[in-house]
Amino acid sequence: GWEAAPSTINTRHVLAVMDHDRAAARTANLRKTHISTFVTWCKDEGVCEPTWNPMRGIRKRKVMETERKKVNINDLERLVRGAETERERILLALSINLLLRISEVSDLRIKDINMQAGEVSVRIFKTSELDTMPMTAELQEELRKYLLWYTLQCGPLDPDWYLIPSDTGGYKPVLQPDRPKGRLATTIQGSLRRIGWEDVKGEGGHTLRRSGARWMLMALEDQ
């Protein structure tokens, strides 16, 4: 970066910050948006002349769309059944059945699970809203088994405990219910490898959301 009065910044500086010719198109476009917001703020605050426009002639780059990978419908059950731990299995089940983001799964607490009503309360960080989602029959069964296992590990479950807790690590890890399990994307990547995926770079929660959405759409079409 550099220290300079906004009015001295020109197109050459903007292109350098955007790394326009080397950065990926999505990255360059995002940086362009941030700089445009800054330029607008400077004009609104009277920091520079209204005619100042270091963005002149800089256009958004074309983004080449590629099809995002999804788990084959026939492999979804195999993915869940192949989980090596109870926490991995419930992570997969929640992500697929409720189409949750990793941050939303990680944030779930015991009190968010209402087995009697068959509902899960989810904090949607993207919209800052609390959403109540119905459980599928498959998810309800997975949660029933998981909560029983959790109780056997830690005793009566505290409502404020994390649904998928961290652990102490080591040869015989002990659950830490007051801390959420980390590296969930890495866990999902390991699950994908076990069903034959070789390239899992960049895969994670969104992969399961896309796969779950496709499964639900096909189920609706079959009705």
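Arg194 is partly exposed in this predicted model, with a relative accessible area of 34%. Its partner in a salt bridge is Glu88, and the closest N and O atoms of the two are 2.0 Å apart. This pair links distant parts of the chain, since Glu88 sits in helix α4 (residues 86-98) and Arg194 in helix α7 (residues 184-194), 106 residues apart. Glu88 has 5% relative accessibility, so Glu88 counts as buried.

Let's follow the charges to another pair. Arg123 and Asp107 meet through their side chains in a salt bridge of 2.4 Å, N to O. Because Arg123 belongs to strand β2 (residues 119-124) and Asp107 to helix α5 (residues 102-107), the pair ties together parts that are 16 residues apart in sequence. Arg123 is partly exposed at 26% relative accessibility, while Asp107 is buried at 16%. Back at Arg194, salt bridges with shared partners join Glu84, Glu88 and Arg194 into one network.

Side chains of opposite charge can pair when their charged atoms come close. Here the count comes to 13 salt bridges. One of them brings together the side chains of Arg78 and Asp75, at 3.2 Å from N to O. Arg78 has a relative accessibility of 41%, so Arg78 counts as partly exposed.

Now for the cysteines. The structure holds 0 disulfides. Why is Cys42 in no disulfide? The nearest cysteine sulfur, that of Cys48, is 5.0 Å away, and a disulfide needs two cysteine sulfur atoms within 2.5 Å. Cys42 is buried, at 0% relative accessibility, whereas Cys154 is partly exposed, at 25%.

Terms used: Residues numbered from 1 in each chain as written. Predicted model: local features only at pLDDT ≥ 70, side-chain atom pairs only at ≥ 80, totals over all residues. Heavy atoms only, no water. Buried < 20%, exposed > 50% of the residue type's maximum accessible area, 1.4 Å probe, protein only. Salt bridge = Lys/Arg side-chain N within 4 Å of Asp/Glu carboxyl O. Helix = DSSP H or I, 4+ residues; strand = E, 2+ residues; numbered from the N terminus.
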